[in-house]
Amino acid sequence: MKSFRKYISEIAGLRFVYENLELNSSAGRKKLLKSQLFTKEFELTVNIQALSEIYDFIQDKKNKKIVSDICTTLNQVNDISASINNIRFNRVSDDIELFEIKKFCINSQKILKQISPFDFSLILLHDLSEVITILDPQNTGIPAFYIYSDYSPELAQLRKEKDKAKTPEEAENLRLKCVEIEDKIRENLSKQLANYVNKLEYNLNRLADFDILIAKAKFAVKFRLTEPKITKEKTIYKGLFNPQIKTILESQNKNFQAIDIEIFPFPTLITGANMSGKSVLLKTVALSQFMFQFGFFVPTQNAEIILVEEILLNIGDNQDELNGLSSFAVEILNINKIISHAKSGKKILALIDEPARTTNPDEGKAIANAIVEILTELKVNSLICTHYSGIKANKKLRVKGLQNISDNENINIENINDFMDYSLIQVDEEKAPAEAIRIAEILGADKDFIEKAKKEVNNI
Amino acid sequence: MPFLKEILKYKSLSIIGTEKNTGKTECLNYIIQSLKNSNKTIAITSIGIDGESVDAVTETPKPEIEIYKNNIFLSSEKHFLQKQITAEILDVSEKQTSLGRLITARAMDTGKLIFSGPPDTKWLKEEIQNSQKYGVDLFLVDGALSRKSTASPSVTESMILTTGAALSANIPTLVKKTKFICDLIELPVFETNLTNELLQIKNGLWAIDSDNIIHDLDIKSTLLLDKAKDKLYSKGCVIFASGIITNNILEFMRIQKNIKETILIVKDFTKIFVSQEKYNSFTKAGGKIMVLLKPNLISICVNPWSPRGIVLDSQKLREELFKAINLPIYDIKALD
């Protein structure tokens with residue numbers, strides 16, 4: 001299974017999500033990047049519930065100070081898994097590792113205290129005060145460490161003698177004796193700490209989770225995301241939007257038109273003119289499904305989503321040309337993967353943008369029809385965008401697009417957004433909208449070229 | 001202890017050599033030793049690797065850095081674990097240097113140390129700020145050859161320059177070369193209320209017109225000047241170079257008719273990479289170079305010994321330098 005880190009570079013918009021997450025700890029960051037899609041309903045339900053708790057917690061204005069305090073402490077929580085593993089395998093820790101464990105425990109205790117008045121179901125921490133006692137013989141509570149003289153009266157004595165040594169040889173001799181005792185103490189400390197390995201690891205994981213949840217909750221507040229419901233029948237989005245594109249449009253004082261859409265366990269065919277936002281729609285559905293299954297809230301007003309085992313896409317922008325594959329070859333391989341996964345009985349979501357668009361239209365249409373047919377048979381949750389007419393499907397939607405606009409309206413590449421209605425309507429006809437030449441004209445294409453195209457189209 | 005009082009006026013000090021083996025480490029050791037009973041908290045680090053027992057460049061033995069109880073030091077993981085003194089770890093960085101993470105520690109006894117600090121000035125700056133939480137009164141930075149950027153006044157408040165026979169075996173040449181470096185360090189400050197704004201600028205050449213307005217000259221680097229000669233003086237003769245300056249901009253400006261009105265401003269002396277000859281012809285023609293920030297150059301320390309076995313007359317060297325530079329000049333070894 002791929003990790004979040006992998007998907008960041010593959011799924012449009014996921015990098016934007018990642019870069020806008022305010023993670024505080026290296027432990028949290030590492031855990032998120034390594035995390036995989038939730039595919040079990042129980043696990044995802046628990047996660048959504050935990051996120052929901054944290055969401056309410058940070059939304060509450062009276063918690064502002066405590067949230068900022070917790071974040072400051074989390075900032076100090078490093079990923080100490082390597083140091084923990086050293087102890088687990090009975091290796092002797094060096095001073096740096098002992099320091100890290102001590103600092104970790106001090107911060108863990110701090111957070112334990114900070115969250116004690118609240119009742120978080122997922123953030124339960126072990127009390128690690130015993131570990132601190134082992135590593136803080138002077139009981140200072142300060143995150144600092146060395147082999148303290150308090151560990152051994154003999155060491156204390158030798159150190160005193162060394163300070164008073166009269167010759168360099170004597171000092172060196174005493175130093176070597178000290179080193180010997182210090183090594184024994186390190187060994188002994190490592191042995192004592194071995195009893196706490198599981199608790200340390202558990203707390204490290206919970207603190208990483210806590211950091212991730214806070215970051216997700218803050219992200220949800222900032223971008224007005226919604227808690228999704230897990231459903232079985234069909235996925236329903238009301239007011240779905242793309243957080244990244246919305247942010248860019250808003251910075252230009254433009255609006256992102258949110259979309260309502262449903263996804264059934266069979267293909268829904270979507271047609272629409274060029275520039276009517278079909279690809280953005282598919283990418284946004286993909287992003288939302290990934291966010292959902294990585295335990296985020298989703299960019300919509302209202303969402304009921306089917307949990308799937310695989311999210312499979314065929315949405316352009318592929319870099320596979322670099323691997324020597326033509327765009328048609330990449331597409332066929334993607335479609336084939338969808339079919340083989342579906343045939344193996346896996347529950348999948350398939351999002352396919354303009355299948356077979358890069359081959360001759362007659363065969364292309366046949367291929368597109370075959371895809372719809374087989375995905376219908378296999379009951380695949382899917383959306384398929386196309387420009388082809390004559391594709392048979394149980395459900396067809398069309399982007400409204402440029403409708404009811406008088407011919408003398410001055411539409412151009414700058415303002416086309418304002419005239420485009422991105423919402424979807426149900427249609428029954430098999431003919432796809434023919435607005436390509438009009439859009440080309442709006443884009444400011446050469447006049448002779450447009451005239452010739454218009455002539456050609458009239459001859460058909 | 002002649003210059004300690006002056007040093008303690010500042011929170012941070014970097015020691016920069018005009019050349020390897022000009023006594024930088026000895027100077028650092030001298031300062032640390034002199035302050036050991038002063039109840040001041042001292043932090044010590046170097047930029048990049050330092051503290052090797054044998055000089056990596058000339059393979060000559062090199063004095064190690066001796067630190068005392070309660071001194072704070074910053075060193076990479078590799079050198080920290082090789083230490084022979086007892087030290088309490090105070091912090092471990094998350095970032096890595098090429099020699100592991102950076103460890104901040106407090107010495108619990110006295111001893112010699114090999115250490116390597118943050119690899120770049122940005123990180124060094126963060127550590128200097130960070131050290132405030134341990135109550136550090138003075139942060140000492142052992143600058144490295146060709147890394148004079150550590151002495152940038154945006155990083156450390158004050159500096160000491162070391163020079164000596166390793167730079168030149170001939171006293172007049174040594175004085176001439178050292179004086180040139182001092183001249184650059186002591187360049188006058190361009191007084192303006194735009195200082196902070198100018199310091200933020202990351203690249204390109206800019207002009208400040210007579211109405212005190214900053215204009216982007218749309219010249220990305222002084223190295224690209226050849227393609228944009230007509231733009232340079234389009235907004236007046238006060239030019240700010242946000243990056244480094246090299247010979248070519250001085251040469252170009254020198255032959256322009258408005259050279260006498262030209263003021264070329266840089267962030268600080270560490271941005272200047274010009275030869276003495278080109279600098280002299282530039283200033284002789286009437287051009288001026290000014291800085292936004294100027295370090296507090298406390299003194300110059302000389303090392304009359306060179307690794308090749310040349311020994312200069314310390315007394316004479318100091319006198320000649322003083323005549324030329326007019327700053328306190330010390331020979332650390334001759335102080336005892």
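Predicted model: local features only at pLDDT ≥ 70, side-chain atom pairs only at ≥ 80, totals over all residues.

Colleague: Where is B:T86 found?

Modeller: Look in the loop of chain B that runs between helix 3 (77–82) and strand 5 (87–97).

Colleague: And which residues does B:T86 touch, not counting those up to four places away in sequence?

Modeller: Residues from both chains. From chain A there are A:Y146, A:R159 and A:E182, and from chain B there are B:R106, B:A107, B:M108 and B:D109.

Colleague: Nice. Moving on to helix 9 of chain B, which of its residues are buried?

Modeller: In that helix, residues 276–284, the buried ones are B:Q276, B:Y279 and B:F282. They lie on the same side of helix 9 of chain B, because the arc they cover around the axis is only 130 degrees.

Colleague: Why would residues spaced like that point the same way?

Modeller: An α-helix has 3.6 residues a turn, so residues three or four places apart point the same way.

Colleague: What is exposed on the other side of helix 9 of chain B?

Modeller: B:E277 and B:K284 are exposed there.

Colleague: And what covers the buried residues of helix 9 of chain B?

Modeller: The cover includes two helices of chain B, helix 5 (171–185) and helix 8 (247–254). It also includes strand 14 (263–266) and strand 16 (288–291) of that chain. Just after helix 9 of chain B you will also find B:G286, with a positive phi of about 115 degrees.

Colleague: How many residues are in the largest nonpolar core?

Modeller: It has 155 residues. Those with the most contacts inside it are A:F210, A:I261, B:F3, B:I31 and B:I160. The largest share, 13 residues, comes from helix 11 (residues 197–222) of chain A. There is also a second, separate core of 50 residues, which includes B:L187, B:A228, B:I239 and B:I289.

Colleague: What is B:F3 in contact with, leaving aside its neighbours within four places in sequence?

Modeller: Among its contacts are B:Y30, B:I31 and B:I160, along with B:I298, B:Y330 and B:I332.

Colleague: Over to chain A: at what angle do helix 7 and helix 10 of chain A cross?

Modeller: The axes of helix 7 (residues 95–115) and helix 10 (residues 168–194) of chain A cross at roughly 35 degrees and come within 11 Å. The crossing is left-handed. A:D95, A:L98 and A:I101 in helix 7 of chain A meet A:R186, A:L189 and A:L193 in helix 10 of chain A.

Colleague: What about A:V427, buried or exposed?

Modeller: A:V427 counts as buried, at 12% relative accessibility. Its place is in the loop between strand 10 (421–426) and helix 17 (436–442) of chain A. Not counting residues up to four places away in sequence, A:V427 touches A:K396, A:L397 and A:R398.

Colleague: Last topic, confidence: what pLDDT does chain B average?

Modeller: Chain B averages 87, and 93% of the residues score at least 70. Among the elements of chain B, strand 16 has the highest mean pLDDT (96) and helix 11 (residues 332–335) the lowest (80).

Colleague: Where does pLDDT stay under 50 in chain B?

Modeller: That happens over residues 50–54 of chain B. The model has 21 contacts beyond four places in sequence for those residues.

Notes
Residues numbered from 1 in each chain as written. Chains lettered and ligands numbered in written order. Heavy atoms only, no water. Buried < 20%, exposed > 50% of the residue type's maximum accessible area, 1.4 Å probe, protein only. Helix = DSSP H or I, 4+ residues; strand = E, 2+ residues; numbered from the N terminus. Arc of directions from axis to C-beta. Contact = heavy atoms within 4.5 Å. pLDDT = per-residue confidence, 0-100. Core = buried A, V, L, I, M, F, W, Y, C linked by side-chain atoms within 4.5 Å. Axes fitted to C-alpha atoms, helices over the stretch in contact; angles between N-to-C directions. Left-handed = near helix turned anticlockwise from the far one by under 90°.
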